[in-house]
Amino acid sequence: MKQSVGTFYPRTALKSFSSKVGVMLFRCGSSNKYKKLDAKLERKMMEVKRNTSGRNNFRSFDSIIMRFPQFKEGLKNIRGVFAQYDEDSNGIIDHEELKKCLQKLQLHLTEQEIDDLFCSCDADGSQGIQFNEFIVILCLIYLLMEPSTSTHPTSKMGSPQLEATFDTIVEAFLFLDNNGDGKLNKRDMVKALNEASPCEKSSAHITRTRFKEMDGNRSGKAGFRDFLFALTDWVGLDGDEEIPISGS
Ligand SMILES: [Ca+2]
Ligand SMILES: [Ca+2]
């Protein structure tokens, strides 16, 4: 009984559709729709936690905040990737452009998977992926990609620096995910921050505020996607930021 809106439209016809039809096709309302994607992410988080045997360099929320400039620096380089795939330079990655991006990264996703990625990361429902949303997409792609094959022996994304940044962000998430179920809930996060060494404890007030910023729909839970969106905001990488001039 499930509608499979994402599977039937021909690629060539897509561009000629009116924006109204586009809105119908890519209506990204129901959060239920991404259950599969979110479940996959939760499993991935648990897997990473297992593979690192729970080792974690973060000790407090402050220790995460102290890395914000580093995150910002690492993620800023995605600007170049974004510009490269934003073929018509209109400041957003549309559905077609995302598809080409995935092809170029040699990722073979089904139409449904591409739709889910697109819609779940189009947080403002603008039917296009702005820069901050693109960061989230790239990081999810990085996580959900199969382990690198012989064609990509050293680097999945072609940028070791970017991958290191993503890895550190995942580590920050895993620090907050105290019970290791791959998602954050308020009580668990407060616990994680309380168990930190006495001098690095974060106040429950700060923890609650940070949690609220992640949990946009007030569900009491926040997944890795929510964490990433909040993070792009915390480090000051929003969609409208000026493109930095390199080498200045
Ligand atoms: Ca574009
Ligand atoms: Ca958007």
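Let me begin with a term: a residue is called buried if 20 or more other C-beta atoms lie within 10 Å of its own, exposed if 12 or fewer do, and partly exposed in between, with the C-beta atoms placed from the backbone. A nonpolar core, in turn, is a set of buried Ala, Val, Leu, Ile, Met, Phe, Trp, Tyr and Cys residues joined through C-beta atoms within 7 Å.

What you see above is a predicted model, in which local features need pLDDT of at least 70 and side-chain atom pairs count only at pLDDT 80 or more, while totals for chains, interfaces and linings use all residues. Residues are numbered from 1 along each chain as its sequence is written, and chains are lettered from A and ligands numbered from 1 in the order in which they are written.

The protein has 13 helices and 2 strands, where helices (H or I, at least four residues) and strands (E, at least two) are DSSP runs numbered from the N terminus. Of its 248 residues, 31% are buried.

In soluble globular proteins, nonpolar side chains tend to be buried together. Here the largest nonpolar core holds 51 residues, and the members that touch the most others are F134, I137, C139 and F173. The helix that gives the most to this core is α9, residues 131–144, with 10 residues.

I would like to stay with α9 for a while. Because 12 of its 14 residues are buried, α9 is largely enclosed by the rest of the structure. Its end C-alpha atoms are 20 Å apart, in agreement with the 20 Å that 14 residues should span at 1.5 Å a residue, the expected span being 1.5 Å times one less than the number of residues. The buried residues of α9 pack against α3, α5 (68–76), α6, α8 (111–121), α10 and α13 (224–234), and two residues are in contact if their C-beta atoms, placed from the backbone, lie within 7 Å. C139, for instance, touches F166, I169 and L228, leaving aside residues up to four places away in sequence.

How do α6 and α9 pack? Helix α6, residues 78–85, meets α9 at an angle of about 100°, with the axes 10 Å apart; axes are lines fitted to C-alpha atoms, for helices over the stretch in contact, and angles run from 0 to 180 degrees between N-to-C directions. The two helices are therefore roughly perpendicular, a label that covers 65 to 115 degrees, whereas under 35 is roughly parallel, over 145 roughly antiparallel and the rest oblique. At this meeting, I78, R79 and F82 of α6 face F131, F134, I135 and L138 of α9 in contact.

Helix α10, residues 160–176, has 17 residues and reaches 25 Å from its first C-alpha to its last, close to the 24 Å expected. Its buried residues include F166, I169 and F173.

Finally, the UniProt record, an unreviewed entry, annotates "domain: EF-hand" over residues 73–108, 109–144 and 164–199; such annotations may be inferred rather than shown by experiment, and feature names are shortened and positions given in the numbering used here. Residues 109–144 are 69% helix and 0% strand, with end C-alpha atoms 11 Å apart.
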